Amino acid sequence: MTAQTFITFTDVWRALGPEVVLAATAFIVMIVEFLVPPRTRHITPWLSLAGTVAAGVVTALQLHVFYATLQTASVAVDDFSNIFMLIILLSCALIILLAIGASRKAELPFEYSYMILFATVGALVLTAANDLVTLYVGLELLSISSYVLVAMHRGSLRSAEGGLKYLIIGSIGSALILYGLSFVYGLAGTTQLLSIASSLQSAWVTTPALLYVALVLVAAGVGVKMSVAPFHQWTADVYEGAPTPVTAYLAVVSKAAVLALLIRVLLTVFGQQTPEWWPLIGWMAAITMVIGNVGALAQRNVKRLLAFSSIGQVGYLLVPFAAAGVTPSASGVYQGLSASVYYLVAYALMTIGGFAVLQVVQAARASEEIDAFSGLYKRSPWLAASMLVFLLSLAGMPLTGGFVGKFLIFLTAFNDGQFWLGVILFATSAVAFYYYFAIVRAMFTRQPPDDQTAVKATPAMNTVIAVCLAGTLLLGVLPSPLMSLLGGLHWFS
Amino acid sequence: MFFGMPLTGQTVSFFLLALLIIASGVMLMTLTKVMHMAVALAGVFLGVAGIFILLGADFVGMAQILVYAGAITILMVFALMLTQKGDDTESPEASTGRSLLTLLGVVVFTGIMLLVLRGTTWPYSQSAVDPYTQPTVVLIAQSLYHTYTIPFELLSLILTAALVGSVVIARKED
Amino acid sequence: MALQPFLALGAILFAIGAYGALTKRNLIIVLISLEMMLNAANINLVAFSHFGKTPHVAGQVFALFIIALGAAEVAVGLGILLAFFRMRNSADVKDASAMKW
Amino acid sequence: MTGLAWLVPVLPLAAYVLLLIGGRRLAEGAVTSIAVLAVAASFVISLAIMIQVALHGPQPAVTFPWLVLGSATISFGFEVTSLNAMMLVMVSFVSALVLLFSRGYMRGDARFARFYQYLSLFVFAMLGLVITSNLLEFYIFWELVGVCSYLLVGFWYFKPEAAAAAKKAFIVTRIGDVGLFVGMILLYLGFHTMNFDTIFYGQAVSSPYTMAHGAPALLFAAHALTGPGIHALPYGLAPAAFVTLTALLVFVGAVGKSAQFPLHVWLPDAMEGPTPVSALIHAATMVAAGVYLVARMFPLFQASPAASDVVAIVGGFTAILAALIGLTQHDIKRVIAYSTVSQLGYMMLALGVGAYVSGIFHLMTHAFFKALLFLTAGSVIHAVETQDLFEMGGLRKLMPLTNAAFLAGALALSGIPPFAGFWSKDEILSAAFSSGNYVLYAVGLIAAFCTAFYIFRVYFLTFGGEYKGDRHPHEGGLAMTIPLTALAVMATVAGFFNTPWAPWIANFLQDRGAVGYDPAVNWGLMVVSAVVGLAGIGLAYYAYGAPGRAQRMAQKSGFLYTLSFNKFYFDELYDRIVTRPIRAIAEALGFVDRWIIDGLVRLVSGGVYTGGAGLRYGNTGQIQTYGLVTLFGVAVLLIIAAGIGGVL
């Protein structure tokens, strides 16, 4: 055996700067949380927030700076992972602020402030992993921390039940992914994604069936994790049971990270054989869009409604990717990625904003039903107007980020000849208007309940809502800054 | 020859172990008494450990015995007894309709997997020689501290998260 | 010995685990079934590590990771289960259905 | 002046923002002043722009880049062509008057300021839609107009019908938007641009030009079919097929917005909104946006005869269908609403047969007289507080000014010379005739007859006879009478802007060359149109002009049998041969419209909703059931995988 090159701290830092910052913060926060007296524990989330922001800065610094994929570190530091990391860290910061603003200790004990960081480290690793083992470990770090986060509301049966359901279905998903990856490892003889890609070239000829089986198993497992139909059914139950900030976390960060995993694995490992299996992704995207949006129609609970809507949004996110694969060309794929990422940013902002408003309303009215929004406009015009913008953006109204994102996705789908996906996208977002209107109507046209006092949000909460609102509108009115950033990325090289 | 394979000690032990695993697994699905289930559980995990050792992965086999056949089985048995309400018997089973549907799904799944596995021609050397140049412990240690350092470190995060998390969730109201 | 029998065993064990996870009503048995699915994948990994194109220890290391992850999953699972049991006084999957529709 | 064109939409936007911030604290008069002054200023600027365009020709677009997509750039901006200069004037004029009218109509409403706020936003969106130079920007304003319409139709949301109508209007027009959006994307993929001029000419035109510039249709056809700027068309479509496809998709959008068959179902229901809203958005502006879209994309339609035929046929069919349905309605606003649908059909018919100028001319005159009719109807409703025609009557003496205004509008709508509608409608009919579309001409003529009949039926029922209610109707205040007077004047004289001997609008729209098809003057057809209109009025007078006639006749027939026999016989015959069949057809059509087409819409939405409920109850809360579904999903995927892999 040749001389072993052991990995140095410089390597680790260059490869995993953001993760290191975040993990260190997590441990510091954990120790602080253990040591300080209960009265001062409320500072711990702020520490987490600071750590997240620091990690974000580190990530932003390595944008465009391409370190050669580090074989020893089994991670790829490229702009693909960087941009996803930035989105994840931004969302994570907003969600921590949202949790701070919710300030209901009973629902979310302070332990969340480091659990959420553990989960986010996993999410970051997922976007960068260049090795099956790293990838799977990252996935499990995200998943296991998420199970804990969902069940964290102590004394709430719903929270525990949600945690159990998420654990069971999530573990099935993990097992499917693992089972599929084991075949990938077996056929390629290595766990490095890039080496796998090269050594699978011959396997596509000799053992195509097993490779397709492996692909399908991985896709199904990923489908479970990011609630792609028909693997989506758990979503509403788990989202309902989880504390609202955690729901926002699942809806945004988990999905973003798993989407990154899906894209990287599909492109590098299975990318050789695109046209044969790529329509499958298209079909899954289509079914997901339909089921998510139709399923939301009959919901009365806003959290469940947003859960179904987020299923539909996942379908939208998959569309450019599904379309780009049909005519594989680097520029087409990058265009699709740009569209997806643009929509992902818009999705993150509008979803977190929506959940923030929901959290405020829920706290004020002790209900998550649509009726809880009755007369919100009278009780708090600011909240109602913000919610209106978030909902319009989710539905794809012009002048919001959601519209531009959908427009880009639509364009990609058409450009790649998958007009049917575009049409389904448009039709389902027309359906989406229907159920978003239910909330809008409640807010603006129903009479508020007897309790006419203004609904107050904490400053932290207002900050979250303001940031999300500004971002959503900015993305809708001035798309060029983000688009030129995305256009200038060196995705994988 | 046995199922198209030379009847060696390895083959015999494989089939014995496979029989043990599958029989224990099926028993686990059908038994209702806690102690019987514990035995079946240990049977599955020990059988898998045996398979590992048969495949030359002695360290993994040992870890399997320690973690699964030892720790997890005991933990599960404790949990079973802890959540038991009075009598020793298990709670009623799922509706037969859904069980049958599940069975159907599982059979389709297994059938296709087996078909695909059988239809796959393996291009690899099916050497009977021990492929490892060094004891597996050494090899594992080397790659843990070399190729897989990052996931290894991440694992520590997972274990911490799991430890703290389960304590946070399971502890009584404070 | 050839590779296929091991993979076949893995597939069967995976299926048994899946069946258990989807039909057993006791949550603990469900957790155990999930572990069996992971074990099935481990059999695959170790078998590939032994018979692979270039026999390599990576599969075994992967399997070790899975064992550790499985333990972590069980710990969290039991923690949540305990919390659930304490509130619902039941470890039956059927009783975990307060949220639906 | 054209450099200041951006001010035209921005002024109402400023009014919106002002009202948004301070509306609740302001008095009603102040609110009205802000909104009316802003729109009036827009009108003045528009007028100046129009004069400048008339003197110096149109100006090139002012654009700035908005979104860079690879090699292509989508830029936003505005431009002034002769078409949209005219539209700006028309829209801002009618809007200012409607805003003023609302002062009286909405007096005392708890959300008075909110109403003006929405109206200002709407005016902004509509003016933006008119002035934009870019298809995507057009679409954004198009949606904004739809949202404002939702807000305004549903303004009295506490009325369940109003809320339902608002939702229906929004959803049905969105069905059309699917077509427009897809067509827009296809055009973008074909030409790698969204700018109107670049689409039509292959490159940004630097010299002043208009769409009415030197036979653009031919230019576009040459450009689209063979031009050097052409990229590989999406899906390998042949150029001709591509042009037809995109034209039809764009037309689907126009069908939704302009309430053409079969997406017209929302407009009659939308009458639940306040009447000034109907006057503004369901007569003069929003519904006209679809016609405007077709006019703006005229080169595209000219390049595809098949698409033009579809436009003409849909327009003609809508015209006759809505006119027939209008015959039997009881609600004064619904009659006018069906009349709007029918008149929009005329405009589509005109554009479809290539009569560009006639279509736009009718768009303009229609905006005046239809806004007038809606406002007078509003005045009437305000006075008698009912919308049922059979509970009105005798208002001629009680509300003389409204009576005169309504009469002017009705005569204009019926196409009686010299009122505005005569000139424009006649141009459309003669265009249909002389372009050889005799069937469409006949359809248009019958529809014209029905139009004259139903609007005078309304007139006689409302203003003739004796008042049946128990209130004391009287004229509204000055805020209501000024707009009525102004619009009545316009409805009377607007036709002289484009008479055969002085075709000012034609010259204005075509100052750089002929666009589309301009029919030659045909005095014979003019006489026929006028006679048909008069015949419709005569029939209406006969049927509804003197309410007691039937009884009186019965009395007389007792002792003057022979004298009255012929008349009586004629009456019967007439009733059997003409009135009853028409009435039956009209009622049948109304039934089909109300229950079948509407029912289809409801069926689809109900089906989708049932699907949602099904999905909801499919979520049983049992995690193992979810797992089972997952397992089956995996199994199906595995079968597919094994199939592709060649094992199965």
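A salt bridge is taken here as a side-chain nitrogen of Lys or Arg within 4 Å of a carboxyl oxygen of Asp or Glu. The structure is a predicted model, in which local features need pLDDT of at least 70 and side-chain atom pairs count only at pLDDT 80 or more, while totals for chains, interfaces and linings use all residues. Side-chain values use heavy atoms, with hydrogens and water left out, residues are numbered from 1 along each chain as its sequence is written, and chains are lettered from A and ligands numbered from 1 in the order in which they are written.

The interface of chain C and chain D involves 13 residues of chain C in contact with 11 residues of chain D, contact meaning heavy atoms within 4.5 Å. The size of an interface is often given as the accessible area lost when the parts come together. Buried area, the accessible area (1.4 Å probe) that two parts lose on being put together, summed over both, is about 920 Å² for chain C and chain D, with 55% of it on carbon and sulfur atoms. On the side of chain C, the residues that lose the most area to chain D are C:L22, C:V93 and C:W101, together 65% of what that side buries. Two residue pairs are in polar contact across this interface, both at pLDDT 80 or more. A polar contact is a pair of N or O atoms within 3.5 Å; within protein, one must be able to donate a hydrogen and the other to accept it, and residues adjacent in sequence count only if both atoms are side-chain atoms. Helix α1 (residues 4-23) of chain C supplies the largest share of the side that touches chain D, four residues. Helices (H or I, at least four residues) and strands (E, at least two) are DSSP runs, numbered from the N terminus.

Between chain C and chain B, 72 residues of chain C are in contact with 77 residues of chain B. The area buried between these two chains is about 6700 Å², and carbon and sulfur atoms give 77% of it. Five residue pairs are in polar contact across the interface of chain C and chain B, both at pLDDT 80 or more. The elements of chain C that give two or more residues to the side touching chain B are α1, α2 (27-51) and α3 (58-88). Of the side of chain C that touches chain B, α3(C) gives the most, with 23 residues.

Chain B contains six helices and zero strands. Of its 174 residues, 47% are buried, that is, under 20% relative accessible area, against over 50% for exposed and in between for partly exposed (1.4 Å probe, protein chains only).

In chain D, a nonpolar surface patch is formed by D:V489, D:V493, D:F496, D:W501, D:V521 and D:W523, with about 600 Å² of accessible area together. Patches are made of residues with over 30% relative accessible area and no salt bridge, like charges being joined within 9 Å and nonpolar side chains (Val, Leu, Ile, Met, Phe, Trp, Tyr) within 5 Å. Accessible areas come from the Shrake-Rupley method with a 1.4 Å probe; for residues, only the protein chains shown count as cover. D:F496 is found in the loop between α21 (478-493) and β3 (498-499) of chain D, and is partly exposed, with a relative accessible area of 32%.

D:T63 lies in strand β1 (residues 59-69) of chain D and counts as partly exposed at 38% relative accessibility. Leaving aside neighbours within four places in sequence, D:T63 is in contact with D:S75, D:F76, D:G77 and D:S133. D:T63 and D:V489 are 426 residues apart in sequence and 38 Å apart in space, C-alpha to C-alpha.
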